[in-house]
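I opened this notebook to record what I looked up in one protein model. The entries follow the order of my reading.

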Amino acid sequence: MDRFQKVYRQGGGFSSTTEIWVDTQTGVNYLWHKDGYGAGLTPLLDENGKPVVTKN
C-alpha cells in the first residue's frame, strides 16, 4: 500500500487544483493546492489549530 492516499480532488486541467491527501501511517490529512506553476502543501487543521487525523 502507498503511504499517501488521495481522498479528495477539486478542479484540474488548466485551472487550479485542490486535493486532500492522507498519510496512511499517521492518519494526518494534508491540503495540496496548485495554480499555474506554483503549488503548496500544508497539514489540514481543525478549528482548534490541530492537524485533522483520519482514523483507520
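**Entry 1: the model.** I noted that this is a predicted model, in which local features need pLDDT of at least 70 and side-chain atom pairs count only at pLDDT 80 or more, while totals for chains, interfaces and linings use all residues. Residues are numbered from 1 along each chain as its sequence is written, and side-chain values use heavy atoms, with hydrogens and water left out.

**Entry 2: salt bridges.** Side chains of opposite charge can pair when their charged atoms come close. I applied the rule that a side-chain nitrogen of Lys or Arg must lie within 4 Å of a carboxyl oxygen of Asp or Glu. I found three salt bridges in the structure.

I looked up Asp 23 and Arg 3, whose closest N and O atoms are 2.8 Å apart. Asp 23 belongs to strand S2 (residues 17-23) and Arg 3 to the segment before S1, so this pair ties together parts 20 residues apart in sequence. Strands are DSSP runs (E, at least two residues), numbered from the N terminus.

Next I checked accessibility, where buried means under 20% relative accessible area, exposed over 50%, and partly exposed in between (1.4 Å probe, protein chains only). Asp 23 is buried because its relative accessible area is 3%, whereas Arg 3, at 37%, is partly exposed.

Entry 3: Which residue forms a salt bridge with Lys 6? I found Glu 19, with the closest N and O atoms 3.7 Å apart. Lys 6 is in strand S1 and Glu 19 in strand S2, 13 residues apart. Glu 19 also meets Arg 9 in a salt bridge of 3.2 Å, N to O. Is Glu 19 buried or exposed? At 5% relative accessibility, Glu 19 counts as buried; Lys 6, at 40%, is partly exposed, and Arg 9, at 44%, is partly exposed.

**Entry 4: rings.** I counted one aromatic pair, taking ring centres of Phe, Tyr and Trp (its six-membered ring) within 6.5 Å as paired, with planes under 30 degrees apart stacked, over 60 edge-to-face and the rest tilted. The centres of Phe 4 and Tyr 30 are 6.3 Å apart and their planes stand at 70°, so I recorded the pair as edge-to-face. Phe 4 lies in strand S1 (residues 4-11) and Tyr 30 in strand S3 (residues 29-35).

**Entry 5: Val 53.** I located Val 53 in the segment after strand S4 (38-43).

Notes:
Helix = DSSP H or I, 4+ residues; strand = E, 2+ residues; numbered from the N terminus.
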